[in-house]
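Hello,

Here is the structure for your pocket and core work. My notes follow below it.

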Amino acid sequence: MTYFRRLKKILLTPADFFDEARTETGFQEPIKFIAITAAILGLLNYLVGLAAFSFSPTTMPKMTPGLGIFGIVTIIIVYVAGAFIGAALIHVFAKLFKGTGTYLDTYKTGAYGDAPLIFSFVPLLGFGVASIWSFIVLLAGIKRLHSLSSAKAVWVLILPGLTFLAALSIIATI
């Protein structure tokens with residue numbers, strides 16, 4: 001399946017997509033997908049930044065092509081590595097809630113679940129709408145690939161964030 005067909009299926013019918021993704025083996029496809037998504041997002045963010053600063057040349061930072069390439073490479077590395085870390089945290093909670101999926105299933109959920117974030121470059125509402133949409137896609141992935149109810153899948157997705165915030169607040173008080 002091509003990148004854009006996969007993207008369309010994830011965005012419009014995530015439950016069906018994850019039913020098909022269940023048979024996918026190995027990390028190659030999800031890594032490739034998240035890397036392409038991150039590259040597109042990095043490029044779009046760079047172009048929006050150029051457009052935004054073009055209206056105010058006195059405050060325009062030096063947005064060189066080299067800076068754009070560095071930003072795109074950085075965002076690819078952060079997205080791919082972040083998906084591995086995020087999957088590890090989510091997988092712990094999926095197993096605590098008796099999820100049946102593997103770590104690979106959890107990684108696929110995170111890698112494909114970030115697909116809506118490709119629209120986060122849109123000023124004002126883009127990030128908020130993309131984040132909610134991403135949560136819905138992640139929910140479909142956890143439900144399908146770990147065979148969990150909607151309620152359990154919501155907790156699996158929320159608890160890692162709450163745990164992280166609790167750990168940060170404990171560290172901040174030390």
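Which residues of the largest nonpolar core touch the most other members? They are Leu7, Ile10, Phe17, Phe18, Phe33, Tyr112 and Ala115, out of 14 residues in that core. A nonpolar core here is a set of buried Ala, Val, Leu, Ile, Met, Phe, Trp, Tyr and Cys residues joined through side-chain atoms within 4.5 Å; buried means under 20% relative accessible area with a 1.4 Å probe, protein chains only.

This is a predicted model: local features need pLDDT of at least 70, side-chain atom pairs count only at pLDDT 80 or more, and totals for chains, interfaces and linings use all residues. Numbering runs from 1 along each chain as its sequence is written, and side-chain values use heavy atoms, without hydrogens and water.

α1 (3-12), α2 (14-21) and α6 (126-146) each supply at least two residues of this core. Helices are DSSP runs of H or I, at least four residues, numbered from the N terminus. α1 gives the most, with 4 residues.

Apart from this core lies another, of 13 residues, including Ala38, Ile75, Tyr79 and Ala130.

Now the largest pocket. Its space is about 660 Å³. A pocket is an open set of points on a 1 Å grid where a 1.4 Å probe fits, with protein on both sides within 12 Å along at least five of seven lines; lining residues have an atom within 4 Å of a point. The lining has 23 residues, and Gly82, Gly86, Ile90, Asp114 and Leu138 lie nearest the centre. α4 (65-96) is among the elements that give two or more. α4 gives the most, with 9 residues.

Best wishes

Methods. Buried means under 20% relative accessible area, exposed over 50%, partly exposed in between (1.4 Å probe, protein chains only). Grid points are joined across faces, edges and corners, and a volume is the space filled by probe spheres set on the points.
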